[in-house]
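Morning, everyone. Let me put one model on the screen and walk through it.

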Amino acid sequence: MTMDVLFLGLVIFLLEVMALTIGTVRTIVTMLGESRAAFYLGCLEMTLWVFGTSAVMTKVGDTPVLGLFYAVGFAAGNVIGILAEKKLALGNVVVRIISARKGVDIALAVRRAGFMITTVAGEGSEGAVTVQFVVCKRKDMKLVLAEARRIDPELFYTFETAGGASEVPSPSSSRMDRLLRPIRRLVPQF
């Protein structure tokens with residue numbers, strides 16, 4: 001394999017990784033209803049895909065190894081896209097926390113941490129329970145659950161994606177949040 005083929009193979013690999021990673025994020029923002037962000041990400045994804053694919057299609061007959069670079073880039077892009085999506089943790093979730101004895105204390109701790117929580121009395125299989133509902137940014141869910149588990153390590157919880165919500169406060173703003181503010185104009189759930 002010549003250096004030219006190796007270089008072209010690496011370029012194809014990187015283009016495919018970037019295209020698939022962007023495609024994964026585009027799919028998530030599309031599901032969140034963010035059409036403007038989906039538009040821009042789709043344009044970027046397809047631009048990268050066209051250049052990567054055209055490089056393979058024009059040369060794969062003479063240099064079949066380029067098809068392998070393309071395939072490995074495709075597979076790696078899927079994996080990196082999944083990791084990126086988990087790291088970005090876009091969107092909001094509804095967390096339901098169920099506790100048999102510590103519901104009031106959990107509610108106080110979660111409120112002190114800066115989250116809004118609603119408590120409802122319920123009946124479980126072994127008697128009275130409290131059910132707390134917290135709508136939070138997906139990236140904040142671990143913090144909410146850590147606060148709740150600190151009070152009741154034996155709590156039960158479930159969560160699901162919140163399809164739509166009014167303003168969801170996030171006490172975990174950081175320097176990175178300020179850097180990402182321009183992106184948030186495009187993707188408010190970011």
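Where does UniProt place the feature "transmembrane region"? The unreviewed entry gives residues 6-25, 37-57 and 63-84. Such annotations may be inferred rather than shown by experiment; positions follow the numbering used here, and feature names are shortened.

Ground rules. This is a predicted model, with local features needing pLDDT of at least 70 and side-chain atom pairs pLDDT 80 or more, while totals for chains, interfaces and linings use all residues. Numbering runs from 1 along each chain as its sequence is written, and side-chain values use heavy atoms, leaving out hydrogens and water.

Back to those spans. Residues 37-57 are 100% helix and 0% strand, with end C-alpha atoms 30 Å apart. Residues 63-84 are 91% helix and 0% strand, and their ends lie 32 Å apart. Helices (H or I, at least four residues) and strands (E, at least two) are DSSP runs, numbered from the N terminus.

Now salt bridges: a side-chain nitrogen of Lys or Arg within 4 Å of a carboxyl oxygen of Asp or Glu. The structure holds 4. One joins glutamate 45 and arginine 26, at 2.4 Å, N to O. Glutamate 45 sits in helix H2 and arginine 26 in helix H1, so the pair ties together parts 19 residues apart in sequence. Glutamate 45 is buried at 11% relative accessibility; arginine 26 is partly exposed at 24%. Buried means under 20% relative accessible area, exposed over 50%, partly exposed in between (1.4 Å probe, protein chains only).

Last stop, valine 134. Valine 134 is in strand S3, residues 127-137. At 0% relative accessibility, valine 134 is buried. Its contacts (heavy atoms within 4.5 Å) include Val93, Phe115 and Val144.

Key: Lists of a residue's contacts leave out its neighbours within four places in sequence.
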